[in-house]
Amino acid sequence: MNDILVALLIFALAAAAMGYVLGWLADTPHTGDQQAALVDTVNALLPQTQCAQCGYPGCRPYAEAIINGVAAINRCPPGGDQTIIALAELLGREFQPLDATVYAEKPPLVARIVEAHCIGCTLCIDACPVDAIAGAAKLMHTVIAADCTGCELCLPPCPVDCIELEPVVDNWSGWSWPKPA
């Protein structure tokens with residue numbers, strides 16, 4: 001009889017321990033979940049221009065590369081120092097200036113379509129990651145300067161080379177207070 005009680009007691013303790021372990025595992029996020037959440041957080045800090053200036057086809061692949069240790073946090077020209085600072089604080093890394101191999105120091109640029117040469121092919125509209133080009137097939141297109149990031153992705157597909165990049169002109173009409181961090 002004692003052997004049966006001891007066996008039942010051992011079984012009950014083992015079941016309780018197993019229940020505790022399974023409960024703890026259910027409450028603890030898995031490494032993959034933690035990594036996905038961190039990628040989402042880093043992706044949210046990026047400007048979402050999908051300009052590929054960082055060397056990745058979009059902001060999410062760049063965020064994944066940062067989390068996987070493949071890319072540095074200083075490869076986003078549209079995000080600039082503000083994004084690098086935010087990423088450094090989030091990830092506990094040291095601030096690094098914008099990577100000169102990715103982005104040579106140049107003034108901010110905006111695309112402009114030479115209207116007399118535009119044939120309305122819509123190839124630039126398809127290439128623009130921020131929808132800064134407006135127009136329709138076989139009609140002249142124009143660039144919405146306030147939305148253009150100067151990423152230059154619209155230049156290669158243009159068959160008539162009617163797109164030019166110009167420095168952004170600072171004037172009172174385009175000025176606004178910087179957004180708070």
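**Exercises on salt bridges and a cavity**

At 35% relative accessibility, Arg112 counts as partly exposed, and this residue of the predicted model is the starting point below.

**Exercise 1.** Determine which residues form salt bridges with Arg112, and where in the chain these partners lie.

*Solution.* Begin with Glu164, whose side chain meets that of Arg112 in a salt bridge with an N to O distance of 2.8 Å. This pair links distant parts of the chain, since Arg112 belongs to strand E1 (residues 109-113) and Glu164 to strand E4 (residues 163-167), 52 residues apart. Next take Glu166, which forms a salt bridge with Arg112 in which the closest N and O atoms are 2.6 Å apart. Here too distant parts of the chain are linked, with Glu166 in strand E4 lying 54 residues from Arg112 in strand E1.

**Exercise 2.** Decide whether Glu166 is buried or partly exposed.

*Solution.* Buried means under 20% relative accessible area, exposed means over 50%, and partly exposed lies in between. Glu166 has a relative accessibility of 29%, so Glu166 counts as partly exposed.

**Exercise 3.** Explain how Arg60 and Glu64 are placed relative to each other in helix H3.

*Solution.* The two residues form a salt bridge, their closest N and O atoms being 3.7 Å apart. Because Arg60 and Glu64 are 4 residues apart in helix H3 (residues 59-67), about one helical turn separates them. Together with Asp40, they are linked in a network of salt bridges.

**Exercise 4.** Describe the largest cavity and its lining.

*Solution.* The largest cavity holds about 80 Å³ of space. Of its 14 lining residues, those closest to the centre are Ala111, Cys128, Cys148, Cys151 and Cys154. Sorted by class, the lining has 11 nonpolar, 2 polar and 1 charged residues.

Definitions and conventions:
Residues are numbered from 1 along each chain as its sequence is written. This is a predicted model: local features need pLDDT of at least 70, side-chain atom pairs count only at pLDDT 80 or more; totals for chains, interfaces and linings use all residues. Side-chain values use heavy atoms; hydrogens and water are left out. On a 1 Å grid over the protein atoms alone, a cavity is a set of points where a 1.4 Å probe fits but cannot get out, and a pocket is an open set with protein on both sides within 12 Å along at least five of seven lines; lining residues have an atom within 4 Å of a point. Grid points are joined across faces, edges and corners, and a volume is the space filled by probe spheres set on the points. Ala, Val, Leu, Ile, Met, Phe, Trp, Tyr, Cys and Pro count as nonpolar, Asp, Glu, Lys and Arg as charged, and the others, Gly among them, as polar. A salt bridge is a side-chain nitrogen of Lys or Arg within 4 Å of a carboxyl oxygen of Asp or Glu. Helices (H or I, at least four residues) and strands (E, at least two) are DSSP runs, numbered from the N terminus. Buried means under 20% relative accessible area, exposed over 50%, partly exposed in between (1.4 Å probe, protein chains only).
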